[in-house]
Each structure stands twice: as C-alpha cells, then as structure tokens.
Amino acid sequence: MTNKIIPTTEVDVQNLVKYFDVSAPWLSRVFSGQPKQILKAVDGISFKIQKGETFSLVGESGCGKSTIARLLVGLYEPTDGKIKIKGHDISNLDSPKALRTLRKNVQMIFQDPFASLNPRWHVKDIIAEPIRAHKTLSDNHAIDKRVNELLDLVSLTKVDGDKFPHEFSGGQRQRISIARALASKPEFIVCDEPTSALDVSVQAQILNLMVDLQKELGLTYLFISHNLAVVYHISDHVGVMYLGRLAEVRDSKSLFSNPLHPYTRLLLDTIPDLDMSGRDRMPVAGEVPNPIDPPKACRFHPRCPFANERCKTEMPLPTPVPGGYVECHGVQENRLPAYVPIVR
Amino acid sequence: MTEALLKVENLSIAFKSRHGELTAVDNISFEMAPGEILGVVGESGAGKSLTGSALTGLLEKPGFIKSGQILFENRRIDNLPYEQMRRLRGLKIGAIFQDPLTSLNPLYTVGFHLVETIMTHLPMNQAKAKDHAIRLLTEVGIPAPEKRFEQYPHQFSGGMRQRVVIALAICANPKLIIADEPTTALDVSVQAQILRLLKTMSKEHGAAIMLITHDMGVIAETADRVSVMYAGRIAEIGPVASVIKNPQHPYTQGLMAAIPIIGHQAERLAQIDGAMPRLNAIPTGCSFNPRCPKVFERCYHDRPDLMTAQDSLAACWLHDKTR
Ligand SMILES: Nc1ncnc2c1ncn2[C@@H]1O[C@H](COP(=O)(O)OP(=O)(O)O)[C@@H](O)[C@H]1O
Ligand SMILES: Nc1ncnc2c1ncn2[C@@H]1O[C@H](COP(=O)(O)OP(=O)(O)O)[C@@H](O)[C@H]1O
Ligand code: SF4
Ligand code: SF4
Ligand SMILES: [Mg+2]
Ligand SMILES: [Mg+2]
C-alpha cells in the first residue's frame with residue numbers, strides 16, 4: 001500500500017507457540033482419572049512484516065488469530081518461540097526493555113467498539129488515556145490539543161470529545177478506538193477484526209480511513225479478518241491459518257491469483273459470487289475440528305480431497321513457492337491440480 | 001405471477017416510548033410467491049427482524065403493528081388470536097434464527113425437540129414421529145442420525161445445530177419459512193453448506209423462504225428476489241440479478257460499490273458518508289436525502305413510494321416518470 005524504498009522488518013515472528021491448559025481442576029482430574037488437556041492455539045508460526053505494509057491473517061473462528069494478536073501486543077506471553085519488534089525481543093514480558101518497546105510502538109484495535117470503550121468516560125478522556133498513562137504529555141493544554149488533532153485525524157469533531165460512547169454509531173465508535181490507538185504515536189497496530197461487526201457501508205468508511213492513516217503516518221498493520229474479500233482489498237501479504245498453523249503465506253497478488261494450499265482454495269470457493277456469474281461452487285465438506293485434539297500430521301487431512309497416506313502420518317513443513325511458502329505435501333510433491341481461477 | 005402466498009400491505013410497526021411513538025417499519029408492501037426465496041437485506045436497525053417477527057406473530061412488546069395488514073393464503077393473520085397464530089407457526093410458517101440455541105432447550109435431546117414438534121402439528125404417534133424425525137435429520141445432512149437423535153444440543157457443533165433447527169422448521173412441511181440471519185454466526189465454509197441446504201429444502205418441499213441478512217453475498221447465492229431496506233422502508237425490490245448488477249436506488253448503488261470484491265482492484269472503496277438515521281431523527285422527504293449523492297429539491301419535501309425502475313421497483317424520485 002505504501003512506497004517501500006528500503007524494506008525494513010518491523011515485526012519478526014519465529015516459531016511462535018501458545019498453549020492453554022484447559023484441564024479440569026487438578027483435584028477433580030485426580031478423582032475422575034482424566035489426563036491434562038492442552039489446547040494448542042498457536043503451534044509453530046513464523047512470519048515477518050515489513051515497515052509500512054499490511055500483513056493479514058485470515059481463517060475460520062478458533063484457528064488462533066486473536067491469540068497471535070494478543071501475543072504481539074504483550075497480552076499473552078509465548079509458550080515458545082520469539083517475537084521481535086524493531087529488532088527488540090518482546091517474548092519475555094518480565095523484561096523492562098520488552099515492555100518499553102511494546103508501550104512505545106504497539107497498539108491494538110478490537111472487533112467490538114462497544115465493549116472496548118469505557119461507557120462512563122467522555123470520548124476525549126478515552127482518547128487521552130494512553131497519553132496520560134504513558135506520560136507522553138503532561139500539561140493539560142497540550143493533551144487537549146493532541147486529542148483534538150486525533151479527533152480530526154479520524155474525521156470526528158472537537159464537540160464529539162465532550163460526548164459519551166453511547167451517543168455514537170458503531171462506525172463512529174470504531175473511529176474513537178482508532179484515535180485512542182494512535183494517541184501514543186505507535187508505528188505498529190494490531191487490528192483484530194476491526195470491521196467484522198460493522199455494516200458494509202460503514203466498513204468501507206473504516207477501511208478507507210485505515211488506508212489513509214497508513215499512508216499519512218507510515219503505519220504497519222497486522223490485520224485480522226475472516227473475510228477474504230476484505231483481506232484482498234487491504235493486504236500486501238497474507239497468512240492463511242488453520243488450527244494453529246499457517247497453511248500458506250504469500251504476497252497478496254500471488255495468493256489470490258494462484259492459491260496453492262487446498263484450504264486456501266476451499267476458503268476462496270466459499271465466497272459468495274457477487275458478480276452473479278452463475279459459477280458452480282465446490283461443495284465444501286466438514287467443519288473445523290476441535291483444537292484440543294487436532295488431526296495428526298497435516299491438520300487439514302480429514303477435509304482435504306488430496307490427502308494421502310503421507311498426509312496422515314507426517315507433518316508438512318514450509319515449502320518455498322512463488323511469493324511465499326506453503327505447508328502441504330501435495331504442493332511439495334507437485335501433485336495437486338492447477339488452480340482454475342474463478343472467472344470474474 | 002401465480003397467486004401470492006403472502007401479501008404484506010402497508011405494514012407499519014411502532015414502539016411506544018417515553019418520547020412518544022417511534023415508527024420502526026414504515027408502510028411497507030410486498031408479496032411472496034409460493035416456493036420463492038425472497039432476500040431481505042439492509043444495515044442493522046433497518047427493520048428486517050421486526051418485519052420477520054410480524055410475519056411469525058413473534059413481535060414483542062412494546063412493539064406493535066400500527067397499521068396495514070398481512071395476508072397469508074388470502075387470510076389475514078396479523079390480527080389472529082395468540083393460540084391460532086401459534087398453531088399456524090410451526091404448521092404453515094416456520095422460523096429459523098441466527099442463534100440456533102434460541103430454538104433449542106439445552107435440557108432436552110434433539111430427538112425430544114423433533115418428536116414433540118412433529119406430534120404437535122402432525123397426526124403421528126410416538127414411533128411414527130421418531131421415524132419421521134430421523135428421516136428429517138438425514139435430510140438436513142446430519143451423519144449417524146439414530147445416534148444424534150439421543151444427544152443434547154451442546155453435543156452438536158454450531159453448523160450441526162443450525163441443521164437441527166432447519167429440521168424443526170420444516171417438520172410439518174410449512175409453506176413459508178422466515179430465516180433471520182441463519183448463517184451469520186457460522187464460519188464461512190459452514191455458511192455455504194447451510195445456504196445450499198436451505199435452497200434444496202425450498203426446492204424439494206416447495207416452501208417459500210424469507211431470508212433476512214445483512215450480507216449481500218448471501219442473497220446473491222440464494223435468493224430469487226431481494227428487498228433492500230433502509231430506515232424502516234423498502235428502498236428497492238426486484239429480481240436478485242437486477243438489483244445486484246444494475247441497482248436503481250442510490251442507496252443500493254452505494255451499498256454495492258462499498259463491498260470489496262476479489263479481483264476488483266481499488267485503493268479506496270466507494271463509501272456512503274454518514275450513517276443510517278436513528279428512529280427519532282428520520283429526515284422528512286426521502287430518508288436517504290442527507291447521504292444521497294443525487295439528492296435534489298423535491299427529495300427534501302416529498303417521501304417517495306416504490307415506483308417502477310427498469311426491472312425493479314425503487315423508492316426514489318429519480319424514477320418518477322412525470323418528472
Ligand atoms: N485464554 C484462553 N484460554 C483457553 N483457551 C483459549 C484462550 N484464548 C483462546 N483460546 C482457544 O484457543 C483457540 C484459538 O482461539 P482464538 O485465537 O480466539 O481464535 P480466532 O481469533 O482465530 O477465532 C480456540 O480454540 C480458543 O477457544
Ligand atoms: N424493543 C424495542 N424497543 C425499541 N426499539 C426497538 C425494539 N426492537 C427493535 N427496535 C428498533 O427498531 C428498529 C429496527 O429493528 P430491527 O428490525 O431489529 O432491525 P434489523 O433486524 O434490520 O437490524 C431499530 O432501530 C431498533 O432499534
Ligand atoms: S498435506 Fe496433504 S492433506 Fe494436507 S493439505 Fe496438503 S494434500 Fe491436503
Ligand atoms: S429520492 Fe432523492 S434523496 Fe432519495 S434516493 Fe432518490 S435522489 Fe436520493
Ligand atoms: Mg478472534
Ligand atoms: Mg435483525
């Protein structure tokens with residue numbers, strides 16, 4: 001989306017792992033003889049985001065997108081693996097240096113602008129909160145001035161600052177959360193389904209605003225969505241997630257013109273055909289399995305039309321392909337049919 | 001057109017509030033033919049669910065039908081006593097909601113739900129009803145139906161639960177099904193499966209379906225005709241291909257242009273500025289006038305009704321032939 005002169009890595013995620021212990025309490029486990037249950041929400045994920053670009057994560061619910069978001073902003077600590085932001089390791093949240101990097105550079109926008117804004121605060125105080133918390137400005141006059149700049153940046157007015165969140169529509173509330181995210185002048189913003197709760201006409205307003213802000217401020221985005229058309233519109237690079245793994249990571253152009261992983265193709269095929277071309281859709285079978293006991297080896301094999309013996313016994317590792325990499329034996333063995341582009 | 005199955009005539013739905021009466025659905029009229037799928041699309045708050053609940057007799061207080069009438073098989077149903085409406089719902093009119101758990105009681109097995117509904121509406125004994133229930137579960141694509149019959153709703157995935165709700169809705173072979181955002185809570189791959197199932201059910205059982213959604217893609221895949229609602233009114237109604245490819249109302253035009261489509265490259269999306277008005281602040285004249293790029297003098301004073309606009313009907317003065 002931006003002119004990249006010298007690409008510099010803003011975010012570097014290496015072999016990231018996050019497990020949750022979802023066992024019943026210890027005592028009841030002892031009595032009922034149940035084993036410990038570990039949910040592998042994120043299970044070995046690597047990607048890089050260059051400064052000024054938008055990297056999107058797409059996948060069905062429960063595949064681990066929000067967990068990655070929370071790991072990247074320091075709300076969770078990784079079980080294993082590394083996260084570097086601007087070259088600084090932020091994997092260890094006890095390190096003051098990691099916290100400083102996070103506070104200075106990283107902010108997050110959530111899906112639900114209703115839940116993420118304190119209903120009892122004036123909008124101007126909501127927006128000023130990160131400034132006050134991090135003491136980036138101290139005198140009230142300067143803070144007011146900054147808040148007004150931020151309101152202006154997201155196309156709200158000074159008067160709006162004196163209102164409460166409930167006086168605004170969903171789209172306007174998302175503008176407020178964007179203004180709050182920008183208050184501490186972060187360079188990297190994690191956006192977890194920022195438009196999923198909005199109507200399409202409002203979604204267009206927010207996506208346009210995000211693109212404008214990225215250009216103006218040189219922001220780097222991690223954009224999370226389950227909507228492939230939105231991802232197509234906004235991304236430079238895309239990672240397709242399935243049950244805690246990245247099935248395919250490609251530049252946007254390669255991914256959408258020649259998707260390689262069978263799951264990516266399945267997702268693309270579920271998109272309703274707004275061009276009304278009358279194309280036949282591949283009937284898609286099955287649902288995403290339980291992440292507590294995911295399928296062994298390739299996690300997609302129970303739903304994959306190209307699964308063979310190897311897929312059921314051996315975990316596929318990243319294979320380089322044009323524009324990125326894919327985790328699939330079928331692709332690596334070059335035995336999948338060529339992609340038939342959807343005529344549009 | 002064959003004899004209409006459903007006729008909605010000048011229907012208005014209002015709420016009594018401290019600040020007086022608020023009209024949420026304002027004088028809408030449309031018909032549905034037997035077996036057709038009518039999509040109802042619009043942003044949240046446009047009045048879609050209220051319209052659906054008026055048709056199923058599930059309108060909740062303080063909402064009430066202020067004026068107009070609803071004719072089903074040429075019989076008025078908007079003023080039926082509660083008990084008669086309850087019988088009609090289930091027997092001739094089925095309902096499917098966004099959250100399948102609103103239709104399923106967690107304390108009862110899936111089989112119990114089906115058998116009870118079947119025996120309420122059809123002259124069948126327990127054993128016959130069970131056979132019918134298992135046939136329905138098979139029909140809606142639930143594997144191992146005998147085993148699933150004995151299980152509780154929480155043992156089903158979201159997609160499988162919605163299949164059970166569909167089985168419940170079709171068990172008495174209704175003529176009309178009102179489906180309010182039936183796939184909104186589901187993942188995309190499951191959504192495609194459920195839409196396909198709804199379409200098959202409509203074809204095979206000859207049921208008309210009113211498919212309420214905020215997602216134009218769902219409509220494009222499934223509906224025969226579509227009604228676009230805005231601020232409690234129908235902005236445009238017509239054959240689905242015409243409305244999507246050749247929208248006639250400036251609101252529909254804006255809506256279609258705002259949807260990102262794979263393969264259509266654009267740095268910015270077309271956007272309609274502003275937001276849909278709140279019920280207590282609906283502008284006079286055309287309610288879309290503050291956001292309309294084609295607004296002209298008359299739009300501020302006169303409220304347009306649906307008028308012919310190519311293959312569709314649109315509530316917009318641009319299509320006034322006497323202009
Ligand atoms: N704090 C937590 N404790 C236990 N399980 C969790 C927690 N957060 C997420 N999970 C589980 O991890 C998996 C991935 O969740 P999430 O990252 O929210 O997925 P997504 O955002 O892609 O829908 C899900 O199975 C979810 O239930
Ligand atoms: N119980 C209620 N009291 C007051 N207003 C209501 C009530 N239920 C719905 N409304 C209002 O009626 C309008 C239409 O609602 P609804 O039919 O649910 O919209 P949609 O389904 O299109 O999102 C909305 O503005 C909503 O706020
Ligand atoms: S590894 Fe095998 S099962 Fe997995 S996606 Fe590739 S072909 Fe399908
Ligand atoms: S009637 Fe006027 S304001 Fe309303 S949609 Fe038509 S041109 Fe726009
Ligand atoms: Mg999530
Ligand atoms: Mg609704």
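**Domain, chain and side-chain contacts**

Biologist: How many salt bridges turn up across the interface of domain 1 and domain 2 of chain B?

Modeller: The rule finds one salt bridge across the interface of domain 1 of chain B and domain 2 of chain B; please keep in mind that this is a predicted model. A salt bridge joins the side chains of B:Arg303 and B:Asp26, with 2.7 Å from N to O.

Biologist: Where do the two domains of chain B run?

Modeller: In the domain assignment of chain B, domain 1 covers residues 6–223 and domain 2 covers residues 250–323. Taken over C-alpha atoms, the centres of domain 1 and domain 2 of chain B are separated by 30 Å. Ten residues from domain 1 of chain B and eleven residues from domain 2 of chain B take part in the contact.

Biologist: And what area is buried between those two domains of chain B?

Modeller: About 790 Å² is buried between domain 1 and domain 2 of chain B, and carbon and sulfur atoms give 66% of that area. On the domain 1 side of chain B, the residues that lose the most area to domain 2 are B:Leu22, B:Glu43 and B:Met216, which together account for 56% of what that side buries.

Biologist: Switching to the chains, how many residues does the contact take from chain B and from chain A?

Modeller: Chain B brings 46 residues to the contact and chain A brings 44 residues. The area buried between chain B and chain A is about 3700 Å², with 55% of it given by carbon and sulfur atoms.

Biologist: How many salt bridges cross the interface of chain B and chain A?

Modeller: Two salt bridges are found across the interface of chain B and chain A. In a salt bridge between the chains, the side chain of B:Arg268 meets that of A:Asp212 at 2.5 Å, N to O.

Biologist: What about the whole structure, how many salt bridges over all chains?

Modeller: Over all chains the structure holds 29 salt bridges. In one of them, the side chains of A:Glu187 and A:Lys86 meet at 2.6 Å, N to O. A:Glu187 lies in the loop between helix H6 (170–182) and strand S7 (188–192) of chain A, while A:Lys86 lies in the loop between strand S4 (80–85) and strand S5 (88–89) of chain A, so the pair ties together parts that are 101 residues apart in sequence.

Biologist: Is A:Lys86 buried, exposed or partly exposed, and at what relative accessibility?

Modeller: A:Lys86 counts as partly exposed, at 32% relative accessibility, and A:Glu187 is also partly exposed, with a relative accessible area of 26%. For another setting, consider the salt bridge between A:Lys296 and A:Asp293, at 3.6 Å from N to O: A:Lys296 counts as exposed at 57% relative accessibility, and A:Asp293 counts as exposed at 57%.

Biologist: Which side chain meets B:Asp302 in a salt bridge?

Modeller: The side chain of B:Arg298 does, at 3.2 Å from N to O. B:Arg298 counts as partly exposed at 29% relative accessibility. Salt bridges that share partners also form a network in chain A, where A:Glu10, A:Lys51, A:Lys86 and A:Glu187 are joined.

Biologist: Where does the charged end of B:Arg298 sit?

Modeller: The charged end of B:Arg298 sits over the ring of B:Trp317, 3.6 Å from the ring centre. Elsewhere in chain B, B:Lys16 lies over the face of B:Phe64, at 4.4 Å from the ring centre.

Biologist: Rings next, then. How many aromatic pairs are there over all chains?

Modeller: The count comes to ten aromatic pairs over all chains. One of them is edge-to-face, formed by A:Tyr242 and A:Phe300 with 5.1 Å centre to centre and 85 degrees between the planes. Since A:Tyr242 is in strand S9 (residues 237–242) of chain A and A:Phe300 is in the loop between helix H10 (262–269) and helix H11 (309–313) of chain A, the pair ties together parts that are 58 residues apart in sequence.

Biologist: Is A:Phe300 buried or exposed?

Modeller: A:Phe300 counts as buried at 2% relative accessibility, and A:Tyr242 counts as buried at 5%. Ring pairs also link A:Tyr242, A:Tyr263 and A:Phe300 into a cluster.

Biologist: Last one: what is B:His319 in contact with, leaving aside its neighbours within four places in sequence?

Modeller: With those neighbours left aside, B:His319 is in contact with B:Gln248, B:Met307, B:Thr308, B:Ala309 and B:Ala314. B:His319 lies in the segment after strand S12 (312–314) of chain B, and at 15% relative accessibility B:His319 counts as buried. The C-alpha atoms of B:His319 and B:His249 are separated by 8.9 Å, although these residues are 70 residues apart along the chain.

Note on methods
Residues are numbered from 1 along each chain as its sequence is written. Chains are lettered from A and ligands numbered from 1 in the order in which they are written. This is a predicted model: local features need pLDDT of at least 70, side-chain atom pairs count only at pLDDT 80 or more; totals for chains, interfaces and linings use all residues. Side-chain values use heavy atoms; hydrogens and water are left out. Rings of Phe, Tyr and Trp (its six-membered ring) pair if their centres lie within 6.5 Å; planes under 30 degrees apart count as stacked, over 60 as edge-to-face and the rest as tilted. Helices (H or I, at least four residues) and strands (E, at least two) are DSSP runs, numbered from the N terminus. Buried means under 20% relative accessible area, exposed over 50%, partly exposed in between (1.4 Å probe, protein chains only). A charge sits over a ring if NZ of Lys or CZ of Arg is within 6 Å of the ring centre and within 35 degrees of the ring normal. Domain bounds come from an automatic or database domain assignment. Contact means heavy atoms within 4.5 Å. Buried area is the accessible area (1.4 Å probe) that two parts lose on being put together, summed over both. A salt bridge is a side-chain nitrogen of Lys or Arg within 4 Å of a carboxyl oxygen of Asp or Glu.
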